[in-house]
Amino acid sequence: MEKSSIVELPNEIVLRPRFQDHLDETASEILGRIEKAEENPIRVKRMDDHLFISFNDVERHFWSPQLQLEILDEEQGGCRVYGLYGPNPTLWTFFMFLHFGVATLFIILGIWAYSSASLGKPYGVLVGGMVAMLIIWFAFYAFGRAGRAKGKPQMQQLYQFYKGALKA
């Protein structure tokens with residue numbers, strides 16, 4: 001009935017795992033089945049061809065993941081399911097804001113350090129600031145990895161819900 005192809009990336013850097021499934025049924029049948037399968041503590045929200053599967057407020061913690069499914073019909077029949085695990089969108093946006101802020105400061109400090117060096121002025125503090133930005137960036141990355149590890153049991157629970165809804 002279904003062909004599952006979990007796309008594994010060759011390294012462990014990925015913070016937002018993805019998967020793909022090919023199903024023999026139409027997208028509307030699959031969307032309806034998963035939407036109706038909502039059970040406590042999992043909730044399902046639908047927006048067109050997208051389903052957002054997450055935990056209710058009681059079960060959700062800071063690192064709780066959500067599963068986003070995009071289900072599209074294929075021309076030769078059946079449908080393709082694209083799954084993406086990620087943190088709460090607000091948390092993800094905040095993390096990206098912090099990453100871009102650190103990158104911007106790094107670039108500004110780099111330009112300032114280069115200008116200072118070209119003018120023969122001291123630039124050691126600026127290079128030290130650049131090193132600090134790198135350390136902060138690695139700390140953010142480690143923090144995100146730790147959060148992903150904490151949310152992994154719930155990721156598996158969301159995947160089991162998805163697979164169970166397909167069989168219903």
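The model is predicted: local features need pLDDT of at least 70, side-chain atom pairs count only at pLDDT 80 or more, and totals for chains, interfaces and linings use all residues. Residues are numbered from 1 along each chain as its sequence is written, and side-chain values use heavy atoms, with hydrogens and water left out.

## Overall layout

The protein chain holds three helices and six strands. Helices (H or I, at least four residues) and strands (E, at least two) are DSSP runs, numbered from the N terminus. Read from the N terminus, the order is β-β-α-β-β-β-β-α-α.

The radius of gyration of the protein chain is 22 Å, whereas a compact globule of 168 residues would have one near 15 Å. That radius is taken over C-alpha atoms, and the globule rule is 2.2 Å times the number of residues to the power 0.38. Along the principal axes, the C-alpha atoms fill a box of roughly 70 × 40 × 30 Å.

The accessible surface of the protein chain is about 10500 Å², and carbon and sulfur atoms hold 63% of it. Areas come from the Shrake-Rupley method with a 1.4 Å probe; for residues, only the protein chains shown count as cover. Of the 168 residues, 37% are buried. Buried means under 20% relative accessible area, exposed over 50%, and partly exposed in between (1.4 Å probe, protein chains only).

Contact means heavy atoms within 4.5 Å. Among contacts with a separation of 6 or more, 55% join residues 24 or more positions apart.

Charge comes next. There are 17 positive and 18 negative side chains, and the centres of the two sets lie 10 Å apart. Lys and Arg count as positive and Asp and Glu as negative, while His and the chain ends are not counted. The place of a charge is NZ of Lys, CZ of Arg, CG of Asp or CD of Glu.

## The cores

A nonpolar core is a set of buried Ala, Val, Leu, Ile, Met, Phe, Trp, Tyr and Cys residues joined through side-chain atoms within 4.5 Å. The largest one has 25 residues, and Ile34, Ile53, Leu67, Leu69, Ile71 and Tyr162 have the most contacts inside it. Two or more residues each come from E2 (18-23), H1 (27-36), E3 (42-47), E4 (50-55), E5 (65-73), E6 (79-87) and H3 (124-167). H3 gives the largest share, seven residues. Another core lies apart from this one; it has seven residues, including Leu109, Ala113, Leu126 and Met133.

Helix H1 has Ala27, Ile30, Leu31, Gly32, Arg33 and Ile34 buried. Its buried residues pack against E2, E3, E4, E5, E6 and H3.

## Individual residues

| Residue | Relative accessible area | State |
|---|---|---|
| Leucine 158 | 0% | buried |
| Phenylalanine 55 | 1% | buried |
| Serine 116 | 7% | buried |
| Aspartate 48 | 62% | exposed |

The contact lists below leave aside neighbours within four places in sequence.

Leucine 158 is in helix H3. It is in contact with Ile42, Ile53, Ser54, Phe55, Pro65, Gln66, Leu67 and Tyr85. Leucine 158 and leucine 67 are 91 residues apart along the chain, yet their C-alpha atoms are separated by 6.7 Å.

Phenylalanine 55 sits in strand E4. Its contacts include Pro41, Ile42, Arg60, Gln157 and Leu158. The C-alpha atoms of phenylalanine 55 and glutamine 157 are 9.8 Å apart, across 102 residues of chain.

Leucine 69 is in contact with residues that include Phe19, Ile34, Ile53, Val81 and Tyr162.

Serine 116 belongs to helix H2 (residues 89-118). Its contacts are Lys121, Pro122, Tyr123 and Leu126.

Proline 87 lies in strand E6. Arg16, Ser64, Pro65, Gln66 and Trp92 are in contact with it. Proline 87 and glutamate 29 are 58 residues apart in sequence and 27 Å apart in space, C-alpha to C-alpha.

## Backbone details

A cis peptide bond joins asparagine 40 and proline 41, with omega about 5°. Proline 41 is in the loop between H1 and E3.

Aspartate 48 is in the loop between E3 and E4. This residue is not a glycine, but it has a positive phi of about 55°.
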